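Good morning, everyone. Please look at the screen, and then we will go through the ligand and some ring pairs.

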Amino acid sequence: MNIYNTLTRRKEAFVPLTPGRVLMYCCGPTVYNRIHVGNARPLIVFDVLRRHLEKQGYRVTFVQNFTDIDDKVIGKALAEGVSYEEVAARYIEEYKTDARGLGVRDPDIAPRATDSMDAILALIGRLVEKGHAYRAPDGVYFRVGSFPKYGKLSRQSLDTLAVGARVEVDESKESPFDFALWKAAKPEEPSWPSPWGPGRPGWHIECSAMSAAHLGETIDIHCGGQDLIFPHHENEIAQSEAAHGAPLARYWMHNGFLSIDNKKMSKSQGNFFTVRDAAAVYGYETIRLFMLSAHYRNPLNYSAESLEQNRAALTRLRTTNDRLVFLEGHADAETMAPEEAGFAALLKEYADRFTRALDDDLNTADAVGVLFEAVREINVRTAGSASRALAALCAGALREMTGVLGLLEAEEEALLDDGVEEMIRARQSARAARNFAEADRIRDELRARGILLEDTPQGVRWKRETV
Ligand code: AMP
Ligand code: ZN
């Protein structure tokens, strides 16, 4: 696989530290609010990266933290008159609801900053010991001047930074670019004991400490949105590499911004939709497909039109899949007819092109394109009649692709939960008992849920209403 590495600004062949293993860390949410659609972009694209690597045979360990203590969490707790723990616990649950809804698999390890205090304190201690950090009246700071490679990820030097920035003078810091590792406790704020007095950790040190604690000093892939390159990831590199004398991560991956009216969607600007609200209108899976319709490094604009297009595309995919599943169980012919046999080779070609697209720096836009080409071709080939064997082959080929993209998963469960099949059976029994009123009632109820029934010689078949 080739990966565009922000550190080198080049696409590079991906070679993991240990053959067959991948250690990945993605910066997780600060839990004080429901996530917005922009926040969902890294979740979805790096979930596909994880699935693709696993499909290629790697054993992936995926760590994503929860930043559960920070100014915003504390601010929210104060505003509501509740504890910061309550705010964090609530929004961790809210986050999980959205992430799972979006088909994002749970991380292997999801450490919380407040559960990682020992690792954080040990890392700060090491930096102080080595002269990379110093004590100030309001906490402990990282001394950027002590790390000559500071700026290597964002490609700026301390000199260029000083020219470009409007620097606020801060008496307690040696350099304006020094950043807090430990923030001395303020009244009314939660704090933890430390050798430098009670306080709480800065945001950057949390990730450095949790990454090292769970994955080791050097990992394979560290990822997040482009806005994390500076200062967050730059500072993580400075802390980790100054402390360990080893590279923090070999590949740095950053997703581009999701915008709305061509401006970055952001909480602070107020131009956002929460994932929850967008999902109520379009469905979680539509949001997922929309996100994968662009290459992860390119900008992507959120619009009703775009979401509607993806919703329609998803319905096409589901309809084809449903039809194949039905044919698999009900088609008259069991085995493939001679004229069907050649199609197997074509399906294999789609599968190869799909994998090649993802191997090329996770080009999900191309991969989604291949998937829908396959859908079109399958529809043509199976429109008249198809054997059970061909239907199974096509369904299998689709599932290989949707499995990596994380599509059609939630739906299957939802339908089982919804008991569609059960209702169809109930309708059959009603018809058999000549209770046509009841049979029609069930048909109407299903229709209200977007499920259309079709009586065929092979039995009842259901499909989703196309938009
Ligand atoms: P935040 O809550 O701002 O720390 O963001 C959480 C994650 O979402 C980070 O990886 C950000 O880089 C990412 N992110 C925030 N806004 C956007 C956006 N508009 N488009 C893409 N990614 C974003
Ligand atoms: Zn981080």
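First, a term: a residue is near a molecule if one of its heavy atoms lies within 4 Å of it. By that rule, 14 residues surround ligand 1. The closest are Gly38, Gly225, Asp227, Leu258 and Met265.

A word on the source. This is a predicted model, where local features need pLDDT of at least 70, side-chain atom pairs count only at pLDDT 80 or more, and totals for chains, interfaces and linings use all residues. Residues are numbered from 1 along each chain as its sequence is written, chains are lettered from A and ligands numbered from 1 in the order in which they are written, and side-chain values use heavy atoms, leaving out hydrogens and water.

Now the polar contacts (pairs of N or O atoms within 3.5 Å). A polar side-chain atom of Asp227 is 2.3 Å from an oxygen atom of ligand 1. For Leu258, a backbone N or O atom lies 2.7 Å from a nitrogen atom of ligand 1. At Gly225, a polar backbone atom is 3.1 Å from an oxygen atom of the ligand.

On to the rings. Two rings of Phe, Tyr or Trp (its six-membered ring) pair if their centres lie within 6.5 Å; planes under 30 degrees apart are stacked, over 60 edge-to-face, the rest tilted. The structure holds nine aromatic pairs. Why is the pair of Phe66 and Tyr95 edge-to-face? Because their planes are at 85°, with the centres 5.5 Å apart. Elsewhere, Phe14, Tyr58 and Tyr251 form one aromatic cluster.

Notes
A polar contact is a pair of N or O atoms within 3.5 Å; within protein, one must be able to donate a hydrogen and the other to accept it, and residues adjacent in sequence count only if both atoms are side-chain atoms.
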